[in-house]
Amino acid sequence: MPKVSSAQLVLDAAYRCFCRNSYRRTTISDIVEEAQMSRPTVYKYVGSKEDAIVKIVEALLERAATSARAAADAASTPGEKVLAVLTVKLEVAIRLWQDSPAHAQELLSAATAQAPGLIGSYTDGLAELLVSALAEVVPDTARQVAAVLLTFTRGLEDDLRDVDAVRAELAAGVQLITRGALTGSASSPV
């Protein structure tokens with residue numbers, strides 16, 4: 001098993017603190033204690049809790065973007081590609097809700113506030129994957145359909161207490177939205 005870097009140990013400790021205490025109530029002292037490292041070492045790797053959440057979000061979104069591209073590449077039809085990409089997006093939120101049911105909303109808000117560029121780039125990347133899949137069948141409206149699908153998925157992320165139901169709603173919603181986008185189109189269904 002590969003050795004985990006000190007930087008990753010500090011980020012993992014920060015994430016556990018944010019999940020347990022909330023972002024707002026977590027202090028660098030909490031992270032120092034959780035990481036079981038010296039304060040200078042923690043500062044070396046994260047600098048501040050604001051830096052810590054940005055680094056955590058960056059790593060999380062890089063992994064998710066890679067997974068979304070791989071899922072889209074592995075799917076065979078445009079509809080499967082769309083569902084695969086949006087499933088990856090939804091699973092990021094599900095993981096956060098599972099890791100921190102009491103503080104998930106606050107952590108999402110803090111991540112958005114501290115790393116808006118990262119969130120925007122990630123969402124833009126997902127939109128491009130969706131547009132690419134949809135352009136195969138609805139080239140004129142692919143961007144609009146992708147925007148609706150992303151908005152729909154964001155709405156599902158608001159209440160993840162029943163993840164199986166939300167996953168089923170995602171699948172049904174993607175099917176309804178993509179079928180609706182094809183209404184009046186001569187193309188075959190997504």
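Biologist: How do you know that the length of helix H8 (residues 142–156) agrees with its 15 residues?

Modeller: The expected span of a helix is 1.5 Å times one less than its number of residues. For the 15 residues of H8 that gives 21 Å, and the end C-alpha atoms are 21 Å apart, so the two agree. Helices here are DSSP runs of H or I with at least four residues, strands are E runs of at least two, and both are numbered from the N terminus. This is a predicted model, in which local features need pLDDT of at least 70 and side-chain atom pairs count only at pLDDT 80 or more, while totals for chains, interfaces and linings use all residues. Residues are numbered from 1 along each chain as its sequence is written, and side-chain values use heavy atoms, with hydrogens and water left out.

Biologist: Which residues of H8 are buried, and what makes them line one face of the helix?

Modeller: Ala142, Val145, Ala146, Leu149, Leu150, Thr153 and Leu156 are the buried ones in H8. Down the axis of H8 they fall within an arc of 135°, so they line one face. The arc is that of the directions from the helix axis to the C-beta atoms.

Biologist: Why does Leu86 count as buried?

Modeller: Buried means under 20% relative accessible area, exposed over 50%, and partly exposed in between, with a 1.4 Å probe and protein chains only. Leu86 has 0% relative accessibility, so it counts as buried. Leu86 lies in helix H5.

Biologist: What does Leu86 touch, leaving out residues up to four places away in sequence?

Modeller: Contact means heavy atoms within 4.5 Å. On that basis Leu86 touches Leu130, Leu149, Leu150, Thr153, Leu170 and Val174.

Biologist: What is meant by a nonpolar core, and which residues touch the most other members of the largest one?

Modeller: A nonpolar core is a set of buried Ala, Val, Leu, Ile, Met, Phe, Trp, Tyr and Cys residues joined through side-chain atoms within 4.5 Å. The largest has 62 residues, of which Phe18, Val42, Val82, Leu86, Leu134 and Leu160 touch the most other members. Helix H5 (residues 78–99) gives the most to this core, with 11 residues.

Biologist: What makes Lys49 lie over the face of Tyr23?

Modeller: A charge sits over a ring if NZ of Lys or CZ of Arg is within 6 Å of the ring centre and within 35 degrees of the ring normal. Lys49 is at 4.7 Å from the ring centre of Tyr23 and lies over its face.

Biologist: How many helices and strands does the protein chain have?

Modeller: The protein chain has 9 helices and 0 strands.
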